[in-house]
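Visitor: I'd like to learn how to read a model like this one, feature by feature. Could you walk me through it?

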Amino acid sequence: MDNSIYTATSGVLSSQNALDVVANNISNSNTTGFKESGTNFSDILSQELSFATPTTNPLEVGLGSTIDSTPVSFAQGTILQTNNPTDLALSGNGFFTLSDGTNTFYTRDGSFSLDSNGSLVSADGLYVQGTNGNININTAANGYTGFTVNPDGSVYSNFSNGKSTLDGKINVVGFTNEQGLVSAGDNNFISSSNSGNPISLNSGYSITQSALEGSNTDLATQMTNLINYERTYQVNAQAITTSDSMLQTAIGLIV
């Protein structure tokens, strides 16, 4: 009976954690470049009441559930046109690379802008990295009219005389194990020993200028998960109440 309370409590806690994951997915359904997470459960070590013999199966009682993993879905989000030339949408594989000069971050959020020095920066002021350092556009050059980003990430400044100059190429990177990336907030990830080091990509992606990648949260799936986890939470809570009532009855018979 004591085990039933412990087991049901583990179910309440794991259901609550799963609801937290769903709530985060739903709340970020409009977040640029956001990638939704799932929830994988696993059982907790069983209590073995009798061992298997050559003629009988083992008698085991499970001790509840726990969250095993929260895998991130890196499925493509919808490409949304913005008409802002500094917005970049990444399709296919890879991540944009950002740096604060010391630390490196990776993101699918291409809501960039130009700072006062012509550097391409993220919404939180991190420098967008090219294959040879920061992407910097000489906006003060005579006759400058704007810039163009090609699908491969090549950045060109355009001039009123019809000429263009190459400013650099945006560094798009991939990882051997994307699930090993660690969320750093602000739509950014950092690498870990389990993700492996970033690998610069030359293919498998395309960059669209004046567009952003939307969240890949599937609201229909999240609503289904929300209902399922809520029901699981309620049933486990009822199991705790029932077990406690039975325990009080047993104590009353003994005293």
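Visitor: What share of the 255 residues counts as buried?

Guide: Buried means under 20% relative accessible area, exposed means over 50%, and partly exposed is in between, with a 1.4 Å probe and protein chains only. Here 35% of the 255 residues count as buried. This is a predicted model, so local features need pLDDT of at least 70 and side-chain atom pairs count only at pLDDT 80 or more, while totals for chains, interfaces and linings use all residues. Residues are numbered from 1 along each chain as its sequence is written, and side-chain values use heavy atoms, with hydrogens and water left out.

Visitor: Which secondary structure makes up the chain?

Guide: Helices (H or I, at least four residues) and strands (E, at least two) are DSSP runs, numbered from the N terminus. You get two helices and 21 strands. As for contacts, meaning heavy atoms within 4.5 Å, look at those with a separation of 6 or more: residues 24 or more positions apart account for 61% of them.

Visitor: Where do I look for a nonpolar core, and which residues have the most contacts inside the largest one?

Guide: General idea: in soluble globular proteins, nonpolar side chains tend to be buried together. A nonpolar core is a set of buried Ala, Val, Leu, Ile, Met, Phe, Trp, Tyr and Cys residues joined through side-chain atoms within 4.5 Å. The largest one has 18 residues, with Leu88, Ile170 and Ile207 having the most contacts inside it. Strands E6 (88–92), E7 (95–99), E13 (144–149) and E20 (205–209) each give two or more residues to this core. Take Leu88: beyond its neighbours within four places in sequence, its contacts include Phe96, Phe112, Leu120, Val149, Ile170 and Ile207. There's also a second, separate core of seven residues, with Phe74, Tyr106, Phe175 and Phe189 among them.

Visitor: Why does Asn188 count as buried?

Guide: Asn188 counts as buried because its relative accessible area is 5%. The residue is found in strand E18 (residues 188–190), and its contacts beyond four places in sequence include Leu98, Phe105, Tyr106 and Asp124.

Visitor: How many salt bridges does the structure hold?

Guide: Side chains of opposite charge can pair when their charged atoms come close. The cut-off is a side-chain nitrogen of Lys or Arg within 4 Å of a carboxyl oxygen of Asp or Glu. The structure holds two. In one, Glu213 pairs with Lys35, the closest N and O atoms being 2.5 Å apart. Glu213 lies in strand E21 (residues 211–213) and Lys35 in the loop between helix H1 (2–27) and strand E1 (40–43), so the pair ties together parts 178 residues apart in sequence. Glu213 also bridges to Arg108, with the closest N and O atoms 2.9 Å apart. Arg108 sits in the loop between strand E8 (104–107) and strand E9 (113–114), 105 residues from Glu213. Glu213 counts as buried because its relative accessibility is 0%, and Arg108 counts as buried at 4%. Shared partners join Lys35, Arg108 and Glu213 into one network.

Visitor: Helix H2 next: is Gln222 buried or exposed?

Guide: Gln222, in helix H2, counts as buried at 2% relative accessibility. Among its contacts beyond four places in sequence are Val22, Ile26 and Glu36. Ile254 also lies in helix H2 (residues 219–254), but Ile254 counts as exposed at 74%.

Visitor: Which residues form the nonpolar patch on the surface?

Guide: Patches are made of residues with over 30% relative accessible area and no salt bridge; like charges are joined within 9 Å, and nonpolar side chains (Val, Leu, Ile, Met, Phe, Trp, Tyr) within 5 Å. Here Ile251, Leu253, Ile254 and Val255 form one, with about 510 Å² of accessible area together.

Definitions and conventions: Areas by Shrake-Rupley, 256 points an atom, 1.4 Å probe, with all protein chains shown as cover.
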